[in-house]
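Me: I'm new to this one and I'd like to know where the labels come from. Could you show it to me and then take my questions one at a time?

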Amino acid sequence: MSLPALPPLRLLARRVVPAVLAAHVVLAAVHPASAASAVQTAAGCTPAACGSVIVAPLSQAPPDSGPCTSPEPVVCMIRSETPSERKVSREQRIRYHGLLEDMERKACRMRARGRSEEDIARTLVQMRNDAKDIVRAGMTPQQVAELEARNQAKYGNPLGPTAEQLYAKYGSWEEVSAAATRTSEAVDHELGLEFRHCSCDALRAA
């Protein structure tokens, strides 16, 4: 099942900082009236089993303009947001989690069809990098420039590591696939979320 399009996010907050980005970036368009409705994702998984799960309320603290104590740049960005901006960031993070489910579903289908682990890994890395590009359309030019400069310096690619770079780091295409579908626990925690990976059986049953 495909995800519905997000509403114009610029109407939801005075500025949009999609705190789903940086090296871990990353996305289910929902308007939660309750935690139960918010955690439904693209795969339609049972919230307790897998997918994006709201585990804590959003911080209502005012924007923190002091030195950031987190090593994760996106966490620092979230802490500098207003409560209404954090709500938008969480909605975008849930959308990213929905994309991760789509990636896991794609990997399951490719394996069932006998595709090689290299083909699967390359497909997942491309899906993730394409998603980064889409989400950054909601950022300010300065935010985009900062994140792209960080990735360019680290990976030589403004969208993040390539499949070849990940293979050189992890040594197997299976590990590249796992890395491509990983999410930053620090960013998720800051937004009161957890991402629980779906098994192929759960995705097929959805």
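Me: Why is cysteine 76 called partly exposed?

Reply: Its relative accessible area is 22%. That value falls between the 20% and 50% cut-offs, so partly exposed is the label.

Me: What makes cysteine 68 and cysteine 76 a disulfide?

Reply: A disulfide is a pair of cysteine sulfur atoms within 2.5 Å. Here the S to S distance is 2.1 Å, so the pair qualifies. The torsion about that S-S bond is about -90 degrees, so the disulfide of cysteine 68 and cysteine 76 is left-handed. Cysteine 68 is partly exposed, at 33% relative accessibility.

Me: How many disulfides are there, and what pattern do they follow?

Reply: There are 3. Counting bonded cysteines along the chain, the pattern is 1-5, 2-3, 4-6.

Me: How do you know that cysteine 50 and cysteine 198 are linked?

Reply: Their sulfur atoms are 2.3 Å apart, which is within the limit, so they form a disulfide. This link is right-handed, with 90 degrees about the S-S bond. Cysteine 50 sits in the loop between helix H1 (35-38) and strand S1 (51-54), and cysteine 198 in the loop between strand S2 (193-196) and helix H9 (200-205), so the pair ties together parts that are 148 residues apart in sequence. As for those element names, helices (H or I, at least four residues) and strands (E, at least two) are DSSP runs, numbered from the N terminus.

Me: Why are cysteine 50 and cysteine 198 called buried?

Reply: Cysteine 50 has a relative accessible area of 2%, and cysteine 198 has 9%. Each value is under 20%, so buried is the word for both.

Me: What makes the link of cysteine 108 and cysteine 200 a disulfide?

Reply: The sulfur atoms are 2.0 Å apart, so the pair meets the definition. The link joins distant parts of the chain, with cysteine 108 in helix H3 (residues 83-112) and cysteine 200 in helix H9, 92 residues apart. Cysteine 108 counts as buried at 11% relative accessibility, whereas cysteine 200, at 27%, is partly exposed.

Me: Why do S1 and S2 count as paired strands?

Reply: Two strands pair if DSSP finds at least two bridges between them. S1 and S2 have 4 bridges, so they pair, and they run antiparallel. Serine 52 stands opposite phenylalanine 195 in S2.

Me: Where is confidence lowest and where is it highest?

Reply: The score is pLDDT, the predictor's confidence in each residue, from 0 to 100. Confidence is lowest in H1, at a mean of 37, and highest in helix H7 (residues 173-180), at 96. Over residues 1-47 the pLDDT is below 50. Where pLDDT is low, the predicted coordinates should not be read in detail. For the protein, the mean is 78, and 73% of its residues reach 70 or more.

Technical notes
Residues are numbered from 1 along each chain as its sequence is written. This is a predicted model: local features need pLDDT of at least 70, side-chain atom pairs count only at pLDDT 80 or more; totals for chains, interfaces and linings use all residues. Side-chain values use heavy atoms; hydrogens and water are left out. Buried means under 20% relative accessible area, exposed over 50%, partly exposed in between (1.4 Å probe, protein chains only). Contact means heavy atoms within 4.5 Å.
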